[in-house]
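Dear colleague,

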Amino acid sequence: MKACIMCGGEGTRLRPLTFERPKPSIPILNKPSVVHLIEHLANEGFNDIVITLGYMAEKIEEQLGDGRIYGVHINYVYEDSKLGTAGGVKNAEKYLKGEPFIVLGGDHVLNLNLRELYRFHERMNAKVTIALLSIDDPSEFGIADMDVNNRIHRFLEKPGPGEIFSNLASTGIYMCDPDILDMIPEKREYDFARDLFPKLLKNGERVNGVLARGNWTDVGSPAAYRQAQRWMLAEMPGTIIEGRFTTKDARINGPLHLSHDVSVGSNSAIVGPIIIGENTVIGDNVLIGPYTTIGANCTIGDDSRILSSYIFNDVTIGKNTNVSGSVIDNRTTIGNGCSLENGTVIGPDVIVGSRATIHSNVKIWPKQTIKEGSDVKENIIGLF
């Protein structure tokens, strides 16, 4: 079965995490998000994959290669200019002809039953079948008016106040008949939700919806990114220890995934679900709370507290520092006695001086230096 993954976006809402990587390469459970997507597609039987690339395309190709390590075959198609969602799929037409194919975003994190979606589409006479989820606030999504026979009669992208006629939101996952490729213009920007779906409905073509079951999010914002990490951590089946693990008298409560050569100091407590990368050293009297990931080659100083946070590689956190609900990118150093409040996002190569406080939801751009004792209440955006 064929799949098309769209990986062309710049991920501006996720900055500063997307300055040195494209959005699909942001780590989830210490490996690129798009790798989880490829693995899920492979498990669902989609083994012929084409990826449309734009921003930092080479990063994704380096990480995935030809796909054989994941049991799939991957082709790549580059976009020289922005083509929109449907235009990007049209650009990959030569790999998608001849049979139905699924379209997904490269920033999708999910555990939906995609094989079930494929089989439903095969049974029904529709040009497109859209995976839908019922959500509380659909204003940032496309919404569908679907009848009991799964036929969609109206579709509206990002409705405003008074326009929300349904809370059935499009996941951006579409099963497509190859005939739709003939309806998409070449080499110009064209969108599924804004252009193709209204055209199909106006022409009386059948567009179906399927109520998806399970977890799904597009990692388009720091909040969505944290949510995706949290539910994937919640699904960890048990404790895995790879290679050498050393500790004195720490209190360990799984589920955990510890990579090679992790060290935990005296009287520290680790409460899962937690993932810790290789060559990471955790000091004495450290509390690491549930729903946390720590990357490779990190150091956590004595008496610190790390709670529901996502720490990338080569990060150093000083003594007696509190990190709560935060994201810290590669090679950043946090000093002693600091406080990082909920929603903080710190880019790569940042130095936060001792006794600094970073307030909730503050973002710090790469290669910034925060002076000792600073009280940071607003985003710090600068050249790097």
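A residue is called buried when its relative accessible area is under 20%, exposed when it is over 50%, and partly exposed in between, using a 1.4 Å probe and protein chains only. Helices (H or I, at least four residues) and strands (E, at least two) are DSSP runs, numbered from the N terminus. Please keep in mind that this is a predicted model, in which local features need pLDDT of at least 70 and side-chain atom pairs count only at pLDDT 80 or more, while totals for chains, interfaces and linings use all residues. Residues are numbered from 1 along each chain as its sequence is written, and side-chain values use heavy atoms, with hydrogens and water left out.

With those terms in hand, strand β9 (residues 142-146) is mostly covered, since four of its five residues are buried. Two strands pair if DSSP finds at least two bridges between them, and β9 is joined by five bridges to strand β10 (residues 152-157), the two running antiparallel. Within this pairing, Leu156 of β10 is the bridge partner of Ile143, and in the hairpin, which has five residues between the strands, Asn150 takes a positive phi near 70°.

Next comes the core, where a nonpolar core means a set of buried Ala, Val, Leu, Ile, Met, Phe, Trp, Tyr and Cys residues joined through side-chain atoms within 4.5 Å. The largest one has 36 residues, of which Ile38, Ile51, Leu64 and Ile173 touch the most other members. Helix α1 (residues 33-43) gives the most to this core, namely five residues. A second, separate core holds 32 residues, including Leu256 and Val376.

Helix α4 (residues 114-123) has Leu114, Leu117, Tyr118, Phe120 and His121 as its buried residues. Seen down the axis of α4, these fall within an arc of 165° (taken from the directions from the helix axis to the C-beta atoms), so they line one face of the helix. On the other side of α4, Glu122 and Arg123 are exposed.

Finally, which helix holds Tyr225? Tyr225 is found in helix α6 (residues 222-234), and it counts as buried because its relative accessibility is 0%. Tyr225 and Tyr310 lie 85 residues apart in sequence and 9.7 Å apart in space, C-alpha to C-alpha.

Best wishes
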